[in-house]
Amino acid sequence: MGFELRRDCLSFEHNGRPFSEADILGITDVGEGTKFDDVDTIGRFGVGFKAVFAYTESPRIWSPTYSFEIKELVLPSLMSDRSDLQGKTRFEFPFNNPKKPREVAYKEVEGGLRDLAETTLLFLNHLHSISWKIGDSGGGTVLRIEHTENHIEVLKETNGETTASSHFLRFAQPVEGLTRETKHKVATAFALEFLPDVKAFDPHAPIAKQMKIVPVPGQVAVFFPAEKETSGLRFHLHAPFVPELSRASIKETPANEPLFEQLAGLAAASLHEVRDHGLLTLDFLSVLPNKQDSIPARYQAIRTAIIDEMNNEVLTPTHGKSHAPAKRLLQAKASLKSLLSEKDLEFLVEDADAPLLWSVGATQKNTNADRFLDSLEIQEWGLEEFVDLLTDRTSHGQRYVSRPPYWVSGPDGEFMEWLSSKPNDWHQQLYALLYSELTSEGGLYQFRNSKIVRLFSGEYGVGKECFFPDEGGQDDSDLPRVTAEVYTSGRGKAQQHNARKFLEEIGVRVVGEAEQVELILKKRYTRDAENPSERTYKKDFKRFVALVEKESSTANLFKNHFVFKCEDDQWRTPNGVYLDAPFLDTGLRAYYDAQADEAEESALDSLFYQNIGVPTKKVAAFARATGAIGELQISTCRCYQNREWNYLSQVGGERHTSPIDRDYEIEGLADLLKKPTLALSRLVWRTMAALPNDGRHLVATYRRNASAGSRQAASSLVHVLRSAAWVPQGHESFVRPSEASRDALPEGFSFDPGQRWLKAVKWGEDVVKRSEQQRQKENFARELGFSDLSTLERAKRFASLPPEEQERFLTDWERNAAHELPDHSPANPERRASRVGEMAADAPERRTEERTRSVSVGREDVKAEAGQYLLQQYVTDDELFCQVCKKPMPFKLDDGSAYFERVEFLSGLKKRHLQNYLALCPNHAAMFRHANSTKDFMLEMFLELAGNELEVVLAQENATIYFTKTHIADLKTIIEVDASSDDDSNQDVSAS
């Protein structure tokens, strides 16, 4: 077919079939084309040829059978034949339409010819070339070359030179179900592109060595491209669709539906031939439609068919350069694929119906190739699954197995045999991979009990028990050495570095002084070891002291070893030794001497250590650092031995849901104080004077559950000190604290009347009571019916109040007594913890801005949300309770709502969380902010909280903060999330 464009006319010739009478009727009678009579048939309306009348009023046709001119759109008029056409058919279209100026017609036709697309000939089986000539300015040709049945090249030449060459892989099959004689086909075509180092096509070389399939904006053709039709695909389609009248798009009609289905089948079937051509590679996957592509509904069957074919047939590219059904593939990072072979997968992945293979992986995320792989039924089996398997099968401790006895100890023998079969350079690759992938997330802790370290002996060890080799690389049964090849193999410096870093992170150490000392301890200072000679011990002990002085963290090495010689000629561990003069002036000898043979601890042998060659102060410092006793030990005990147990045990509640059972004592003190000495009294005095002033050791607390409250009484320690005559008055007599006078204390008993323990042991109360005036007052109080003078004084103070104040007090007391504290529990703890965790992660950072004054950014917004949260937690019977005094808030605002303070609970968190606030009355809010003795260890106390009430000291008084179960759960969640926050700052961030 050829075109020739002149200023006044367009003509073209072809050597196809000559005109018949039916053809003449088809182009001269609108609605009477030569196509079939059904409505949804291509060309049914005969408008294809009528388009020429936009340019001409008298088209002329010369054919070997008929020559005629068309006038008035439909009237054919015979013309003389032309002998020069030599059997060709010629059309001429003079530019004589008055509505289209000749110059405009010329320009439009010229543009159409010059822009003729290479895809024009792609699906026209009977048309092999189109040529054109434009006046005297030259011309061009579009030529289709069929290198093979499927490989098509379309050349475009302009003025004799090739201006474009496009290659396609085209697949076609006959349309099924057509009744007419014409053999139409459906077809797909994938665009091809030369590989980077290929300049021209070589018909003798495999196509896969020269080209690859590339994505293009997919066109839909009905023989010629339908310019406005969009498939959303990245390859071309053709079918004998019923088009719209303009032929620019495909008509929505049931007649077209079978064609879409057949195209889907052809597209899926063509994948096998693409694979056989060697072109079904990772790059090719970017051409295929994925589940995220926006594809019109009628083309989605093509995507579905392709994905199903890839899932079930041997088509999906594998990491090993083969193909397999996607259902048999696993996906992971490339680094793991290169570590584990397909044979390894067969061993590691259990319960697989058939051997599994590694899938090919996209080099970049969120590319079309990556999205297509995600659309397939490829299983994820990545580093997380491998690490879980690795840590479980190499665990040094107890682990679960799926068959009896279910719990076993030590690594899995079969797995360790597989691991042992791997060469040293493979181990280096493994260690480097684990380090690079897990270190940023802190995941290396999982290997703390894994026997994964390959040793010089060929065995495996746990990291913390293994050591790097010396220069000689020797092995040592006492200090098992890593084989150096697992971090020195090959030339990959980065891999070598990462492999060694992994070993360091899981505890492998260089053999240093601490390791040498540890070995000495194991050899000479265990329970079963023979006692070292004095000469050996002197040398060792100096070494021990020097090590702890240099590295204080090594003190734990000595904790369970018998490194101290004591006065009873026994060797003891640090916690079996107490210190007193001449090492430290603790006074502990008085306590342990009073226990006589019942004492389990012993003093250091001072004569022995005077000859050891180490100064006394250094001996004492080493002993204290390693755990020797340096002060009288106050221990916790249960309340049932307390002298006020009858009172404590009558606390309300039946179920022990969140109990507290805490008392304090000094073991054996009651018996020792029956025969006090000045030294023992001084030791007890010093111990009590050194207690924290929060008074925690002075009180016993007993509770069954939070809703019933708790009862407190003097601790057992206080009861012993109250009742025993242990306080020296002068140097010879001892009295009970209540009978003692400050002026009669001997030297060495510092006295501070503000210390709480003195009040707790009733210091000097009997002295006061002995005064006549005091006795008279007490008698007078009892005569009036009061139990004691203090009760009378309280009654007088109450009576002095105005009547309305008395009524208000009684009303408040009755109102407070009538309510139970709320104790909300989360209905679904896991889901609530997840939701609170997400909120905590998104909580605002602590920030301040420099303005006229320092302003905390975002705090007020969080406090407003905290108010609503606290109302949900601490309102019961329409009353909002203070979490400290457990009473309704003291007054209400004009709108009827209770006034309360929203006070931040834990000030050290990195972010602001609405759950980190307390609902407090104004009085306790001020105490919490300005007189809180426990604020520095509030976080630790809360994390150890067993019930609903947290013990604190506010304004030098014991108090508790009440929490609902939901509030406790939410706080623990935000503490965990806040601690793992990427922002490691512990301070507010200032922004200017």
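In this predicted model, helix H16 (residues 588–595) packs against helix H21 (residues 678–689) at an angle of about 120°, and their axes lie 7 Å apart. The crossing in which H16 passes H21 is left-handed. On the H16 side the contact is made by Leu 588, Ala 590 and Tyr 591, and on the H21 side by Ala 679, Leu 680 and Leu 683. The residues of this contact comprise six nonpolar, no polar and no charged.

Elsewhere, three strands form an open sheet in the order S19-S18-S20, and their pairing is parallel. The strands of the sheet are listed below with their residue ranges.

| Strand | Residues |
|---|---|
| S18 | 329–331 |
| S19 | 357–358 |
| S20 | 379–380 |

S19 and S20 are the edge strands, each of which pairs on one side only. S18 and S20 run parallel and are joined by two bridges; within S20, Gln 379 is the bridge partner of Leu 330.

Aromatic pairs in the model number 49. In one of them, the ring centres of Trp 358 and Trp 381 are 6.3 Å apart and the ring planes stand at 50°, so the pair is tilted. Trp 358 lies in strand S19, whereas Trp 381 lies in the loop between S20 and helix H10 (383–393), so the pair ties together parts that are 23 residues apart in sequence.

Note on methods: Residues numbered from 1 in each chain as written. Predicted model: local features only at pLDDT ≥ 70, side-chain atom pairs only at ≥ 80, totals over all residues. Heavy atoms only, no water. Axes fitted to C-alpha atoms, helices over the stretch in contact; angles between N-to-C directions. Helix = DSSP H or I, 4+ residues; strand = E, 2+ residues; numbered from the N terminus. Left-handed = near helix turned anticlockwise from the far one by under 90°. Contact = heavy atoms within 4.5 Å. Nonpolar A, V, L, I, M, F, W, Y, C, P; charged D, E, K, R; others polar. Pairing = 2+ DSSP bridges. Phe/Tyr/Trp six-rings, centres within 6.5 Å; stacked < 30°, edge-to-face > 60°.
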